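Please read the following walk through a protein chain with the sequence and the model side by side. It goes from the sheets to the helices and then to a few single residues.

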Amino acid sequence: MKEINLASGASYFRSPAPAITVATKELEAGATGHGSAEGLPELREAIAQRYKNDGVELTPEQVLITPGCKQALFYLFSTLLQDDDELLVPTPAWFGFQQLMDYSKGKLVQLPTTAASNYTLDPADLREALNERSRILLLTNPGNPTGRMYTRQELEDILSVTNDFPNLYVVSDEIYDFVTYDGAFSSILSCQGATEKVVVTNGFSKSFAMTDWRIGYLVGSPELVRKCTGFQAATIAGVSKFMQKGAAAALQERDQVLPPMLEVLQQNRSLTEAALSQIPHLLFFLPQGAYYFFPDISYYLPCTTPTGAILSSSAGLCQYLKEAYALELLPGDPFGAPGHVRMSFAIETEQLTEALSRLKKALHELVVSE
Ligand code: PMP
């Protein structure tokens, strides 16, 4: 049986042709000297312009180009967090945030949200959780692994709570912002109540299928961007210019390069929704953005496999699916949601269809303990 990987966070698409053409040309022209720490003016300008189109007042000085969104987050954590500070994260959330905190000061505090309430972050719960040690509220919009997209109203309700805490930054990781299915995406930057303490991190890995280019950015106040630029200058100097040129080309051509990918994802999302609906006792939220389903498989735990093995966790189930069905999914535990699995639908439709039929068969064969 050929292995099918639904565990990866990267889509199967090729990077956009304009990005490849431009970056290659730059390399061939020998444009490999040092650039500036904050990034190429043309890319910073293109990013600022993209938010300006949505009515956000922004200058290129408020944009820092980083080697990936993850690194942008690391600069923020390193710059803003002191020993006793708290980073508040609505969960389920991407496990990378905890990994970054393993190398940062302060601690991560989970704000649990549930599928039963559509992963809504209740402003009253948020207010309750905030205190004088709260330094960053980190939102992911659209969410990984849930695919939950915040509405403008929800963001404004959140901001009306956070604005009562002058020490608090609100960081919105919007790396899946162009990968949305239902309704318009609102960046937190475009919301009423967004102050200079609101920061966005973003990148080209997801929307533009440019994962290994390692290119991202952060948008914040000029003062915060200066601080993070200092960190970048002292550590990695800056991001390769030829890649920034490629990224700028992708961004400029987004109306051409994004729709074909989104069309496949839209189709794959429907296909996955239909297949999962046919599996008894599998509960799931229909993602509004990003490219994952995050079904609740707790009905099936614990259970016994056809060969008599007992599975008692989502990690055990994932291990079993890998060994018996050559199907790779990710357990929900590192996302703060035991009893769930994350499955990407950003793979070839044919493979996805096969993966879903393997999953259905595998779960059907399990004998669930009463
Ligand atoms: N944020 C989220 C929510 C992600 O899912 C990922 C990748 N899995 C990243 C950031 C990392 O992005 P990059 O590749 O730009 O570092």
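Helices (H or I, at least four residues) and strands (E, at least two) are DSSP runs, numbered from the N terminus. Ala326, for instance, sits in the loop between α10 (314-325) and β12 (327-328). The model is a predicted one, in which local features need pLDDT of at least 70 and side-chain atom pairs count only at pLDDT 80 or more, while totals for chains, interfaces and linings use all residues. Residues are numbered from 1 along each chain as its sequence is written, and side-chain values use heavy atoms, with hydrogens and water left out.

Start with the sheet of seven strands. Strands of a sheet pair through backbone hydrogen bonds, either parallel or antiparallel. Here two strands pair if DSSP finds at least two bridges between them. Seven strands form an open sheet in the order β2-β8-β7-β6-β5-β3-β4, and the pairing is mixed. β2 (63-66) and β4 stand at the edges; each has a single partner strand, so one side of each is left without a neighbour in the sheet. On average, and ignoring direction, neighbouring strands of this sheet are turned by 20° against each other. That angle is taken between axes, which are lines fitted to C-alpha atoms, for helices over the stretch in contact, and angles run from 0 to 180 degrees between N-to-C directions.

β2 pairs with strand β8 (residues 216-219) in the antiparallel sense over four bridges, and Val63 has Val219 in β8 as its bridge partner. Together with helix α4 (residues 96-101), β3 and β4 make a right-handed β-α-β unit. A crossover is right-handed if, with the strands pointing away from the viewer, the path from the first strand over the helix to the second runs clockwise.

Next comes β5 (134-140). What joins β3 to β5? The two strands pair in the parallel sense over three bridges, with Leu87 opposite Ile136 in β5. β5 also runs parallel to β6, through five bridges, and Ile136 has Tyr169 in β6 as its bridge partner. From β5 the chain crosses through α6 to β6 in a right-handed β-α-β crossover. Seven of the seven residues of β5 are buried (under 20% relative accessible area, where over 50% is exposed and in between is partly exposed, with a 1.4 Å probe and protein chains only), so β5 is largely enclosed by the rest of the structure.

The loop between β5 and α6 (152-162) holds Tyr150. Is Tyr150 buried or exposed? Its relative accessibility is 8%, so Tyr150 counts as buried. Leaving out residues up to four places away in sequence, Tyr150 touches Pro90, Leu121, Leu139, Thr140, Asn141, Leu155 and Ile158, where contact means heavy atoms within 4.5 Å. The C-alpha atoms of Tyr150 and Gln288 are 9.4 Å apart, although 138 residues separate them along the chain. Pro142 is in the loop between β5 and α6, and the peptide bond from Asn141 to Pro142 is cis, with omega near -5°.

A second sheet has three strands. These form an open sheet in the order β11-β10-β15, with antiparallel pairing. Strand β10 (residues 303-304) is joined to β11 by two bridges, and Cys303 stands opposite Leu311 in β11. Pro302 lies in the loop between β9 (292-293) and β10; the bond from Leu301 to Pro302 is cis, with omega near -10°.

Now look at two helices. The axes of helix α1 (residues 17-28) and helix α8 (residues 241-252) come within 7 Å and cross at roughly 150°. α1 and α8 are therefore roughly antiparallel to each other (angles under 35 degrees count as roughly parallel, over 145 as roughly antiparallel, 65 to 115 as roughly perpendicular and the rest as oblique). Residues in the contact include Val22 and Ala23 of α1 and Phe242 and Ala249 of α8.

Finally, return to Ala326. Its phi is near 50°, a positive value in a residue other than glycine. Ala326 is buried, with a relative accessible area of 12%.
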